[in-house]
Amino acid sequence: MVLTACNSAEQTEGEEKEKHIHFLYNFATNSLDPNVDSSYVPIRAGITETLVKLDEENLTIAPWLAESWEGDDGTNWTIHLREGITFHNGNPMDGQAVKASLERTIEESVAMKNALKIDTIEAEGNTLNITTTEPFPEFISELVNPNVSIIDVTAEDIINHPIGTGPFALESFSPGSKLEVVRFDDYWDGVSPLDRVTFSFNEDPNARTMALQSGEVDIVYRPETESIEELKSQGNIQVDSTATFRVHQMTMNMQRESLSDVNVRRAVDALINRQEIVDNILLGHAEVAYGPFLPSLPFAPGYEEPETGSEAALAYLKEAGYERVDGVMQKDGKPLTLTLLTYPARPDLPLIAQVFQSDAKEIGIDVEIRQIDIPEEYMAANRDWDLATYSNLTAPRGDAGYYLNATYHPTGALNFSGAEVPELTAIIDELNQTVDQDKRSELAEQAADYVFENKINSFVLHPSTIVAYNKDKVENWVTTKSEYYMITNKLDVK
C-alpha cells in the first residue's frame, strides 16, 4: 500500500510538471487531410511542414524541408531536400517520399494541380527534379501553400491521422471538436519544450473569450471584438492585434443577371460604408480597403477614394436602367433583390452583411441574408446567390500571384465570382511567366486596378488578427501575418 501511494504521488507530481498549452481556434474541421482540407489545421498545429515557408519580415521565400533550389528557366526545377529528416513514424523524408506526397497533392486537389502546373517529378536520393507544364517563375512560392504539406502517403488514414515531419505528432482527433498533439522527440529543427498541445475549435467568439477568462484555455484566436478592452484590463491577459495579409471582401456572382451589369456592381460597392464598419464593427482593429492588397505591399496600387453613399449608388443604378417605384428599386417592372451569403465563423462578416442589408433597403433594394457553414464548398457548388461576405488571404506567399490566380483566373480554386475576363486573364498569364520583380509588381497593379475599375469584387477592410493569451503562462507566441505558423517548436510555458 505504501509503495502504491508513493507511485501515485510520483505520477501526480509528474503530471503536474507536464508542459501543456490549450489553443482555441475559430474554425472547426472534420478532416485533417493536409492536401485537400482548407482549414490548414495540420500545419497550424505543428503536424506538417512544407518544402519552403514565408519569411514574413522580408516577404521572401525561405528554406524549410528543402534547403535550396534552382530553376533559372522557370520550367526545370531542382530541389535539394535537407538530410536526415524523418516522418513521425520513423520513415525517412527522402526524394521518393516527397515525390509521392506531391503526386498525391495534385491527384487529390484540382486546385493544387492548377496552381502548381507540375508536368513531371523525378527523385534521386534527396534531390527532386520537377518540370512544369509552362514557364512558371513563381513555382517555388506556390510550395508555401499548406495544401502542399509533405506527408507520408503510406499512412493508413490520412484524413484522420496524417503523418508529417513537424515538431508535434498527432495523438488523437475528434472531428469538429479538437485534436491532441504530442512532442516529436526526433524533430529535425530543435525539439519543442512542450510535452503536448490541445488544439480545439469553437466558432462562437463569446465562448472563446469566456474560455480564456475562465482559464480553460491558454490562447484564443480571434476573441470577441467587444471584449478586447475588458481582456486588456485583466492583468494576466495579453492581446495582440496584428495586420495580416487578409481582406474582407464582397464577392460578386457575375453569373447572376443583375450583377452582369458593371453599374449594378458599382452601386453595390458604393453602398458599402467602409469607415462605419471599421469603427463600429471592428472597433478600429482594421484598415479600410478598396483593393485586395495591404497598401504597404509593393504591388498594391494607390486608389483614389471612390464616390460612395446612397446618392452614388442611385446614380449607378439609374445608368443601369433601374428606377425606384413606390420605394422599390426595379427595372422593367422587376424588383432588384439580392441574396447575400455570410458565415458565422468570422463573426464580423454577418454584421457587415446586416449593415449592407440596411443601407440597401433605404434605396429600395431587398437583400436576403443567408447563413452558410463552409463558404468555399457552398459557393463552388451553388450559383443561387448574388453576393457573399468572404474573408481571404491575399498575399500569404509575399507575392500577388497567389490571390490573382486563385480568385480571378478561370482555373482559380477561389474564383467564386465566376470571372472569365480575357483582358484580366491575359495580365495574370503574363504575370505567371514574368521573373523580374519590378515587372511583376507592375502587372499585379494592373490586375488589381482592373478588378477595382470593373468591380469584379468589392473590398471592405483589411482586418487585424487578434489573439489573446495568458501572458503569465504562455511564452514565445507569435501572431503571424500569413496565419499559417501557429504551434511551433519555439512555443513554451513559463
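These legends describe close-up views of pockets, cavities and charged side chains in a predicted model. Residues are numbered from 1 along each chain as its sequence is written, and side-chain values use heavy atoms, without hydrogens or water. Local features need pLDDT of at least 70 and side-chain atom pairs count only at pLDDT 80 or more, while totals for chains, interfaces and linings use all residues.

**View 1. The second largest pocket has a volume of about 600 Å³.** Its lining holds 29 residues, and the closest to the centre are K53, T480, Y485, T488 and K490. A pocket is an open set of points on a 1 Å grid over the protein atoms alone, with protein on both sides within 12 Å along at least five of seven lines; lining residues have an atom within 4 Å of a point. Volume is the space filled by probe spheres set on the points, which are joined across faces, edges and corners. The elements giving two or more residues to this lining are α2 (41-44), β2 (52-55) and β3 (60-63). The largest share, three residues, comes from β2. Helices (H or I, at least four residues) and strands (E, at least two) are DSSP runs, numbered from the N terminus. The lining divides into 13 nonpolar, seven polar and nine charged residues. Here Ala, Val, Leu, Ile, Met, Phe, Trp, Tyr, Cys and Pro count as nonpolar, Asp, Glu, Lys and Arg as charged, and the others, Gly among them, as polar.

**View 2. The largest cavity has a volume of about 160 Å³.** A cavity is a set of grid points where a 1.4 Å probe fits but cannot get out. Of the 14 residues that line the largest cavity, R222, T225, L282, D348 and S464 are the closest to its centre. Strand β21 gives the most to this lining, with four residues. The lining has five nonpolar, four polar and five charged residues. A search of the whole structure finds four cavities of 30 Å³ or more.

**View 3. The second largest cavity has a volume of about 40 Å³.** Its lining includes F136, E138, D399, Y402 and R440. Helix α13 provides the largest share, three residues. Two lining residues are nonpolar, four are polar and four are charged.

**View 4. E483 and R222 form a salt bridge, with their closest N and O atoms 2.8 Å apart.** A salt bridge is a side-chain nitrogen of Lys or Arg within 4 Å of a carboxyl oxygen of Asp or Glu. E483 lies in the loop between β22 (474-475) and β23 (492-493), and R222 in the loop between β11 (219-221) and α7 (228-233), so the pair ties together parts 261 residues apart in sequence. Both E483 and R222 are buried. Buried means under 20% relative accessible area, exposed over 50% and partly exposed in between (1.4 Å probe, protein chains only).

**View 5. E171 and R196 meet in a salt bridge of 2.9 Å, N to O.** E171 sits in strand β8 and R196 in strand β10 (residues 196-201), 25 residues apart. E171 is partly exposed, at 41% relative accessible area. A network of salt bridges links E18, E171, K178, E180 and R196.

**View 6. D152 is buried yet has no salt bridge.** The nearest side chain of opposite charge, R104, is 9.8 Å away. Lys and Arg count as positive and Asp and Glu as negative; His and the chain ends are not counted. D152 is found in the loop between α5 and β8 (168-174).
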